[in-house]
Amino acid sequence: MSELDTLGSAAIARIEAAEDLSALEALRVEFLGKQGSVSALLKTLGQMSPEERQSEGPKIHALREAVTGALAARKEALESAALEAQLASETLDLSLPAPEAPRGSVHPVSQVMDELAEIFADMGFAVATGPEIEDDWYNFTALNMPESHPARAMHDTFYFPDTAPKGGKTLLRTHTSPVQVRTMMADGGPLRIIAPGRVYRSDSDATHTPMFHQVEGLVIDRDIHLGHLKWTLETFLKAFFERDDIVLRLRPSYFPFTEPSVEVDVGFAIEAGRRVLGGSGDAPGHGWMELLGSGMVNRRVIEMSGLEPDEWQGFAFGVGVDRLAMLKYGMDDLRAFFDGDVRWLRHYGFSAFDQPTLSGGVGARP
Ligand code: PHE
């Protein structure tokens, strides 16, 4: 029955060429629907003689089977091609785990700066700031380090190629001390400020990074003397390390911007192989660790900042914030502070809900 064969192969060829599911559905209706051509053939069986039906019946049924099978095969092929196309167009990174809870944490440097602000606010200090891109004049000259001063060479300064407004060079500030000058010029006396912030020196090893943090302290008033400095530092360090047995040793030192200058050491003991702050460094098994630089503000600095040095005196100190964090929270490599490694941050970071307060403990950990 070649007519049926031709019909069958034409139908199958069209089914195999169907370009999408809706074209395929149109073909299904055309062949197998109520008015479909294959359905019409099946209806002819009823008018056939028993002999005819016996010979034609199987062929017509076979044709319907073949068309049905071709429709199903083409449908599957079109559907899996659609899925492939969708998968290729959608990218989903399944390698990252979904967080169970918010993962952000407060960096130890921010935490320590908040602790410092809290402690010093209680002693009547405001927080002052200054620019990190600084003028040669504020960073050096006004701090009694003129052009040729040898102390300039010790700062490993990063200079910019352009000229600063005050004539010298523009640089990345090497310490927070220029904020002393800026604050005295802006506000005059009396003053009680701390100035925390980033500073820069061309230096790098386990305890030095090209960018690090300092906090400057400055008190300007009448009749200020070294005793005020010592009391302030003692009160601050006891509150910061949350220990009453912090013992300080003041050693004569030299900074161009303070006169006299004192280097402050803090006593420590060795417990289980670690340095633990507290007690006199002169006791057996104890030692002294250099902590910060300070002194009475040099009258030349007071003068260059526009104040009358016979009326106003003061003290200043500068201490490394990163170093304070390392001593309090036990990190031993400064470089890790600035790697942005989430494992380090998860371990050493603080909860944002853990705001330091004097009443709750400035370094409370959950
Ligand atoms: N600016 C000094 C430094 O960076 C520290 C210091 C500050 C010393 C204030 C005395 C007074 O080393």
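1. The largest pocket of this predicted model has a volume of about 1,600 Å³. A pocket here is an open set of points on a 1 Å grid over the protein atoms alone, where a 1.4 Å probe fits, with protein on both sides within 12 Å along at least five of seven lines. The volume is the space filled by probe spheres set on the points.

2. The lining of the largest pocket comprises 50 residues, and those nearest its centre are Glu290, Leu291, Val319, Gly320 and Arg323. Elements giving two or more residues to this lining include strand E8 (258-271), strand E10 (286-297), strand E11 (313-320) and helix H11 (321-329). By class, the lining has 21 nonpolar, 15 polar and 14 charged residues. A lining residue has an atom within 4 Å of a point, and helices (at least four residues) and strands (at least two) are DSSP runs numbered from the N terminus.

3. On the basis of the model: it is predicted, local features need pLDDT of at least 70, side-chain atom pairs count only at pLDDT 80 or more, and totals for chains, interfaces and linings use all residues. Residues are numbered from 1 along each chain as its sequence is written, and side-chain values use heavy atoms, without hydrogens and water.

4. The domain assignment gives domain 1 as 3-86 and domain 2 as 110-233 + 299-348. Their C-alpha centres lie 87 Å apart. The bounds come from an automatic or database assignment.

5. The ligand has 14 residues around it, and His175, Ser177, Arg201, Gln214 and Gly318 come nearest; a residue counts if one of its heavy atoms lies within 4 Å. Nitrogen atoms of the ligand are found 3.0 Å from a side-chain N or O atom of histidine 175 and 2.9 Å from a polar side-chain atom of serine 177. An oxygen atom of the ligand lies 3.0 Å from a polar side-chain atom of glutamine 214.

6. Histidine 107 sits in the loop between helix H4 (50-89) and helix H5 (108-122). A polar atom of its side chain is 3.0 Å from the backbone nitrogen of valine 109. Leaving aside neighbours within four places in sequence, histidine 107 is in contact (heavy atoms within 4.5 Å) with Phe337, Trp344 and Leu345.

7. Two cis peptide bonds deserve a look. One joins glycine 189 and proline 190, with omega about -10°; proline 190 is in the loop between helix H8 (178-187) and strand E5 (191-200). Another runs from glutamate 259 to proline 260, with omega near 0°, and proline 260 is in strand E8.

8. Asparagine 144 is not a glycine, yet has a positive phi of about 65°. Asparagine 144 lies in the loop between helix H6 (136-139) and helix H7 (150-153).

Definitions and conventions. Ala, Val, Leu, Ile, Met, Phe, Trp, Tyr, Cys and Pro count as nonpolar, Asp, Glu, Lys and Arg as charged, and the others, Gly among them, as polar. A polar contact is a pair of N or O atoms within 3.5 Å; within protein, one must be able to donate a hydrogen and the other to accept it, and residues adjacent in sequence count only if both atoms are side-chain atoms.
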